[in-house]
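Q: Please take a close look at one part of this structure and describe how that part relates to the rest of the chain.

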Amino acid sequence: MTEVRTDAIRGLLAETIRDEPEFRRRRIRRRLLIWGGVGLITIGGLSTAGSVLFGDAPLTDQSIVQCFSSTVPNADGTFPGSGATVATKDGPGRVDDALALCSEMWRHGILSSGYDPTAATYAPEETEVPALQVCVMRDGTAAVVPSEDAAICQALGMSALAR
């Protein structure tokens, strides 16, 4: 190798060593900015999704209440129970107190396992009313669920009723 070439290689090597800490700092700074931005976007998206899915929701359809008799869904994904509404002489009424309506259905045995809706006669029986939670289904209707757990609405994919 010629001396000029050796000096050129030494110069390039010295320049690379001299500039490397700056390149490393730039690379670290760039990675921090990119991953920090990705983290902020992820946290923001998850918190928004969580508030939409699991936050309190208002009732938008107050004409019907779904009274569930169990928290275990049927094979088709629906829940066992009954729908209820209050009718007036002018037509369908508003369901203002879903909890009271479903409590009455439980009390009269309509949601108990021994109730036969196809029976020719029915003698109402007084049954014990379990602990009930009011949820809001995705379509905006109220669903009253038998459970002592206040977080049952979130576990079933519904929102808690905004009070």
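**Strand β5 and what it covers**

A: Q133 lies in strand β5; helices (H or I, at least four residues) and strands (E, at least two) are DSSP runs, numbered from the N terminus. This is a predicted model, in which local features need pLDDT of at least 70 and side-chain atom pairs count only at pLDDT 80 or more, while totals for chains, interfaces and linings use all residues. Residues are numbered from 1 along each chain as its sequence is written, and side-chain values use heavy atoms, with hydrogens and water left out.

The side chain of Q133 reaches the backbone oxygen of S147 at 3.2 Å. This is a polar contact, meaning a pair of N or O atoms within 3.5 Å; within protein, one atom must be able to donate a hydrogen and the other to accept it, and residues adjacent in sequence count only if both atoms are side-chain atoms. Apart from neighbours within four places in sequence, Q133 is in contact (heavy atoms within 4.5 Å) with A143, V144, V145, S147, E148, D149, A150 and I152.

Strand β5 (132–136) also takes part in covering helix α2: the cover over the buried residues of α2 includes β1 (65–68), β2 (81–84), β5 and β6 (142–146). Those buried residues of α2 (residues 98–107) are A98, C102, S103, M105 and W106. They lie on the same side of α2 because they span an arc of only 160° around the axis, the arc being that of the directions from the helix axis to the C-beta atoms. Buried means under 20% relative accessible area, exposed over 50%, and partly exposed in between (1.4 Å probe, protein chains only).

Helix α2 also holds E104 and R107, which are 3 residues apart, about one turn of the helix. E104 forms a salt bridge with R107, with the closest N and O atoms 2.4 Å apart; the term means a side-chain nitrogen of Lys or Arg within 4 Å of a carboxyl oxygen of Asp or Glu. By this rule the count is 1 salt bridge. E104 counts as partly exposed because its relative accessibility is 36%, and R107, at 29%, is partly exposed as well. After α2 comes G109, whose phi is positive, near 85°.

As for the setting, the chain has 3 helices and 7 strands, running α-β-β-β-β-α-β-β-α-β from the N terminus. Of its 163 residues, 21% are buried.
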